[in-house]
Amino acid sequence: MFSRTALARAFALPVMEQPCAAAAVAARFSVARACLHSSAASPAPAPPTTTTTQPESPLSATPRAQTSTPTPQETPSSTIDFKKPVAPTFTAPLQLTPTLLSQLPQLTTQQPHYIISHLHDRPYLLTQGDSIRLPFLMPKVKPGDILRFNRASVLGSRDFSLKGAPYVDERLYECRVRVVGVDSEPLRIKEKTKRRRRHVQMIRSKHKYTLLRVMDVKIKTAEELLREGAVVV
């Protein structure tokens, strides 16, 4: 039996070859080789270049002085809380009688001075250097704050005294105290119960007190009062 190729050659017919599996595999490999050749022929992308700046001076381990001044940060005004003393308001100048003006030098020259100051309607006899333990905790004060007592009923020394009605004008003297700290009492426990009730309630209390130290007790002289605007009536 003749093959189809031999018959075609004999009758001079065109040969229609069918692709076989080997031809298909060869075609695939040729396509892959063409892709490899094309990728090899195309120029490869250049690697990214990094520019490094050389320091002007060689690096050293010793710290250098700062040439630029740092910019201060602005603090909002709402967060700043300064304690300013309350300025006294007087509608009229201090009035001195001739009798008081003549006897005031005897009081100012005799030292030490004392003052009976009133704080929350309680009198305190104070001299310079005394320590005070208030029977309550004074609010809004910190250790180191300086306070001024401006309500006194008596100013005096060993032989002389000046009494107010009911208080002496605060422009006649100066009494300044410093807040030393806060003291607390020992813990107290009190039992509370009620009739026909099988329960005992334990009440615990530990109060705190403010400690003060008198820094200065000064009675102003007649010259100082006249310099500050006092008038003689």
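## Close-up views of a predicted model

**View 1. Arg-171 lies over the face of Phe-90, at 4.0 Å from the ring centre.** A charge is said to sit over a ring if NZ of Lys or CZ of Arg is within 6 Å of the ring centre and within 35 degrees of the ring normal. In another place, the charged end of Arg-151 sits over the ring of Tyr-167, at 5.5 Å from its centre. This is a predicted model, in which local features need pLDDT of at least 70 and side-chain atom pairs count only at pLDDT 80 or more, while totals for chains, interfaces and linings use all residues. Residues are numbered from 1 along each chain as its sequence is written, and side-chain values use heavy atoms, with hydrogens and water left out.

**View 2. The largest nonpolar core has 29 residues.** Such a core is a set of buried Ala, Val, Leu, Ile, Met, Phe, Trp, Tyr and Cys residues joined through side-chain atoms within 4.5 Å, where buried means under 20% relative accessible area with a 1.4 Å probe, protein chains only. The residues with the most contacts inside this core are Ile-115, Leu-126, Ile-132, Phe-149, Leu-155 and Leu-172. Among the elements that give two or more residues to the core are helix 3 (98-109), strand 8 (173-184) and helix 4 (222-227); helices (H or I, at least four residues) and strands (E, at least two) are DSSP runs, numbered from the N terminus. Leaving aside its neighbours within four places in sequence, Leu-172 is in contact (heavy atoms within 4.5 Å) with residues including Leu-94, Leu-155 and Ile-219.

**View 3. An open sheet of four strands has the order 3-2-6-7, with antiparallel pairing.** Two strands pair if DSSP finds at least two bridges between them. The edge strands, strand 3 and strand 7 (161-163), each pair on one side only. Six bridges link strand 2 and strand 3 in the antiparallel sense, and in strand 3 the bridge partner of Ser-117 is Tyr-124. These two strands form a hairpin with two residues between them, and His-120 in the turn has a positive phi of about 55 degrees. Strand 2 is also joined to strand 6 by four bridges, again antiparallel, with Ile-116 standing opposite Val-154 in strand 6.

View 4. Strand 4 and strand 11 run antiparallel and are joined by three bridges, with Ile-132 opposite Leu-212 in strand 11.

Conventions. Buried < 20%, exposed > 50% of the residue type's maximum accessible area, 1.4 Å probe, protein only.
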